[in-house]
Amino acid sequence: MANRTLGTRQKQVFRGPAKGPAGRVVPRNPLVLPAAQRKAGPHGKSESAKRQAAERRLNRQLEKLAEEGDG
């Protein structure tokens, strides 16, 4: 019972060139790649990230003004 979880795991299968769908190469779907490339890419920053960046920018400007006033 110690190796109970091994029975539910997917077994590793070695496939050589002769094995597979009747020994032939199945072509990939040519429509999948352009569709996958369209949906890929960076997402925009979240509203909270924009807010935090604006607050940091404001704090830097306030510190710079305070330094100018002291000097």
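The structure is a predicted model, in which local features need pLDDT of at least 70 and side-chain atom pairs count only at pLDDT 80 or more, while totals for chains, interfaces and linings use all residues. Residues are numbered from 1 along each chain as its sequence is written, and side-chain values use heavy atoms, with hydrogens and water left out.

The chain has two helices and zero strands; helices (H or I, at least four residues) and strands (E, at least two) are DSSP runs, numbered from the N terminus. Of the 71 residues in the chain, buried ones make up 0%. Here buried means under 20% relative accessible area, exposed means over 50%, and partly exposed lies in between (1.4 Å probe, protein chains only). Accessible areas come from the Shrake-Rupley method with a 1.4 Å probe, and for residues only the protein chains shown count as cover.

Helix 1 spans residues 32-39, and because the number of buried residues among its eight is zero, it lies largely in the open. Just after helix 1, Gly-41 adopts a positive phi of about 130°. The loop between helix 1 and helix 2 contains Lys-45, which is exposed at a relative accessible area of 63%.

Helix 2 covers residues 47-70. The structure holds one salt bridge, defined as a side-chain nitrogen of Lys or Arg within 4 Å of a carboxyl oxygen of Asp or Glu. Its partners are Lys-50 and Glu-47, whose closest N and O atoms are 3.6 Å apart. These two residues are three apart in helix 2, so about one helical turn separates them. Lys-50 is partly exposed, with a relative accessible area of 43%, whereas Glu-47 is exposed at 56%.

Patches are made of residues with over 30% relative accessible area and no salt bridge; like charges are joined within 9 Å, and nonpolar side chains (Val, Leu, Ile, Met, Phe, Trp, Tyr) within 5 Å.

Leu-58, Leu-62 and Leu-65 make a nonpolar patch of about 290 Å²; Leu-65, in helix 2, is exposed at 54% relative accessible area.
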